[in-house]
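Please look over the model below before reading my notes.

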Amino acid sequence: MADLRSNFIGIKSPNPFWLASAPPTDKEYNVRRAFQAGWGGVVWKTLGSEGPPVVNVNGPRYGVIHGPDRRVLGINNIELITDRPLEVNLREIKSVKRDYPDRALVISLMVPCDEDSWRDILHRIEDTGADGVELNFGCPHGMAERGMGSAVGQVPEYIEMVTRWVKTHSRMPCIVKLTPNISDIRKPAEAARRGGADAVSLINTINSITSVDLDLFAPQPTIDGKGSHGGYCGPAVKPIALNMVAEIARNPATAGLPISGIGGVTTWRDAAEFMALGAGNVQVCTAAMTYGFKVVQEMISGLRDYLDSHEMALSDLIGRATPNVTDWQHLNLNYVTKAVIDQDLCISCGRCFAACEDTSHQAIGMKPGRVFEVIEEECVACNLCIDVCPVENCITMRELEVGEIDKRTGIARGGYANWTSHPNNPMARAAE
Amino acid sequence: MSQARLSPGVVPGRLTPNELVANFVDVAPPLTPHEARVAADRCYFCHDAPCITACPTSIDIPLFIRQIATETPDAAAMTIFHANIFGGMCARVCPTETLCEGACVRMEAEGKPVEIGALQRFATDGLMARGSHPFKRAPSTGKRVAVVGAGPAGLSCAHRLAAKGHDVTIFDARPKPGGLNEYGIASYKAVDGFAQAEVDWLLGIGGIQIRHEQRLGEQISLDGLKAEYDAVFLGMGLAGVNALRAQGEDRRNVLDAVSFIRDLRQATDLAALPIGRDVVVIGGGMTAVDAAVQARLLGAENVSIVYRRDQSRMGASRHEQDHATANGVRIICNAAPVAVHGNGSVVEVEFCYTTDGPSGLTLTDNRFRLKADQVFRAIGQRLQGVPEELKLQNGKIAITGPGRTSLGGVWAGGDCATGGDDLTVTAVAQGRDAAEDMDALLTGRPVEIPG
């Protein structure tokens, strides 16, 4: 049976599933329950400086996007960092860590952008026994307006500066948590590395308005008739997070920098995908907030089964897909596929037909008796039919053999050739 | 336990009033908003959806379900009513398992269709509960149309005509409107006086006058109607009942199932309705099932449906058959009645087993008898009192296209006319289509029929 024990920048945990710094990790009661349920680690909800704690709104904090049957696809929140006194949090962290020495316990931090503030908070947490710190440079609301959170994370120079302070004043492993609310995720990651970060974690939440109340004419969640953008998370943000993880993993300037993957991890499969793209572990929040802490048990069994069935160790998985992430210009333009509909699996709903006929290439024919067939002469293999088909594997793509005629173009499939050498590419011609 | 429960013969009060109330509740209770959302989420919004094709009134089912899913159930109801003004009743009585739900692609996928009937009821009940009628009449055309029969066909026709600005007079043989919706459907399918409430709601459009106890060939004549009105629609259904043609059929307590169902629907006190202890229903359609199940619900101890052909040929759908057996009805197939035995009242019915071959049904020598103190005939209805000048086909008024009969200016639809199964939804479609055709002929306007 696959060994799921994880060593992430020297922080050991029985499995690579950590709870992200968020409402589920705000206090001892929750974190103890999480560890009892089997979570490998916890990033304690962000602590601020000593003094009067921040305050939260007293109306709703969360907005939601639902899929069919009210399945939660995405949540946004306008909650701030912990609103409990620093003393209480520190006492609880110490108590939990003492009872769960085998679990990872990392403390998320966010204090004003000056060296004294960072030095002070680092000294305060020194004797908690915590395994590391995570710098919250991502929180997109409230704290950002006060010059913290994503206000730091959006300026690479600040990231580098603060990271350096942290590494100067603490021997703890340091993870820099990145905001996705920037145009190029590689820049803040590079800055973190320059500052001496041991790892980056991403993504934090995305600026968002989940919905508008059409009676109040206000964003939701609505506080006394007004709304503010919140941070979006959950399954809906996973594609954005995967791309950003991959960008950092394959960027030469940050290659090898450990990554803690965050963003919509809901099942073992999501976790495996993040890890395949280069994440050393994953952090989870929305899945736990939707289903409770027990979901980790499925993640553990699922990842174990997957590794066993593929005869891989956990370390074999990490980064295994990274080399296959490339730029568009290197994709093989002579790779030709055609959609194939399995008539035995087809339930004749016609969604592939509607999608292809109305919005794509008119490459699916509808025959009497509601029989849907691919017209290879028109099929560009766009995949939309597969995407909208309700039956898994009913429509698949068949790869043409090299030399086989593509009925759409009348040209025999050739070997590998990409855009860089394509005759239509003006840059390719210029190079001649 | 009621003292009369095991009494021999045909007696009232086999069950206590409380038991009767419990037995005759809504057979398919309405969906809650939550249930409707969950059910609506299952619709795939198919292209050229097979459920629409399977619906005789061509309701745009994927559209109305999407309207429910997006929390606009009133818009959903209007999608339904535009195609089928009896969307409420059809949601209750349609054999959806052989129509829309039978065609649902989820049958192919999982064997469990989208609950189209229940969703239709959710939408239509909601809009009808608002009380006001949602359609407005077009300006008056000055044309007057006579409709014979206030059943689903006649009322559907009348509503569409009224909407188009024609004035309609309906002539009906019975004291109440609704036809089989009122007199011919099992009580538990349309509880709480739904049939009358629906007619009242439908008439809310205005321009429709109903004259009761007017029977064609008695109080009114086709020639008279033709002379007085610009057009005539015949939708009087099938008033006659087929005979068993079995020896001894005239013995006491051998009754028509439709009469039993009618009396049950009109009864104010179910405990006063007499029912046998051993009941035999002869026939294989929905009327047979409705009669048999309701006999059980009234307290009959043993109820059997006996059908002369193979079970696969029963008119009642599998769902209906299962409903019967779940209620303790025994279904015996391939047996035809040959004699009704008794001394004044029926005591036993004698059957012959049959074989169904290429040359038709033949009786075998294998006979059996069923104890019976009450027998219901449910072997079909037939046309009665139809004017001689109308051309018939297979015992029904021959129609072509949208309900045109052999006589100019006379249309027909519903059970009395050819075409389609004898279903409420078919009658609604035929009445509607005839109205469109009549309007086109009377005004020169284009026909507007959904689907």
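1. Basis. This is a predicted model; local features need pLDDT of at least 70, side-chain atom pairs count only at pLDDT 80 or more, and totals for chains, interfaces and linings use all residues. Residues are numbered from 1 along each chain as its sequence is written, while chains are lettered from A and ligands numbered from 1 in the order in which they are written.

2. Barrel of chain A. Eight strands of chain A form a closed barrel with parallel pairing, in the order 3-4-7-8-9-10-15-16. Strands (E, at least two residues) and helices (H or I, at least four) are DSSP runs, numbered from the N terminus. Two strands pair if DSSP finds at least two bridges between them. From one strand to the next, the twist averages 25°. Helix 2 (residues 86–99) of chain A packs on the sheet and touches strand 4 (41–47) and strand 7 (104–109) of chain A. Its direction makes about 165° with that of strand 7 of chain A. Angles run from 0 to 180 degrees between N-to-C directions, and axes are lines fitted to C-alpha atoms, for helices over the stretch in contact.

3. One strand pair. Strand 10 (residues 199–202) and strand 15 (residues 259–262) of chain A run parallel, joined by three bridges. A:Ser201 has A:Ser260 as its bridge partner in strand 15 of chain A.

4. Domains. Chain A is assigned domain 1 (6–324) and domain 2 (328–430); the bounds come from an automatic or database domain assignment. Their centres, taken over C-alpha atoms, are 39 Å apart.

5. Helices 4 and 9 of chain B. Helix 4 (residues 61–69) of chain B packs on helix 9 of chain B at about 60°, with the axes 10 Å apart. The two are therefore oblique; angles under 35 degrees count as roughly parallel, over 145 as roughly antiparallel, 65 to 115 as roughly perpendicular and the rest as oblique. B:Ile61, B:Phe64, B:Ile65 and B:Ile68 of helix 4 meet B:Ile116, B:Leu119, B:Phe122 and B:Ala123 of helix 9. Contact requires C-beta atoms, placed from the backbone, within 7 Å.

6. Helices 2 and 9 of chain B. The axes of helix 2 (residues 33–40) and helix 9 (residues 116–128) of chain B come within 10 Å and cross at roughly 135°. B:Ala36, B:Ala39 and B:Ala40 of helix 2 contact B:Ala118, B:Leu119 and B:Phe122 of helix 9.

7. Between chains. Ten residues of chain B contact twelve of chain A. Helix 8 (residues 105–110) of chain B gives the largest share of chain B's side, three residues.

Key
Two residues are in contact if their C-beta atoms, placed from the backbone, lie within 7 Å.
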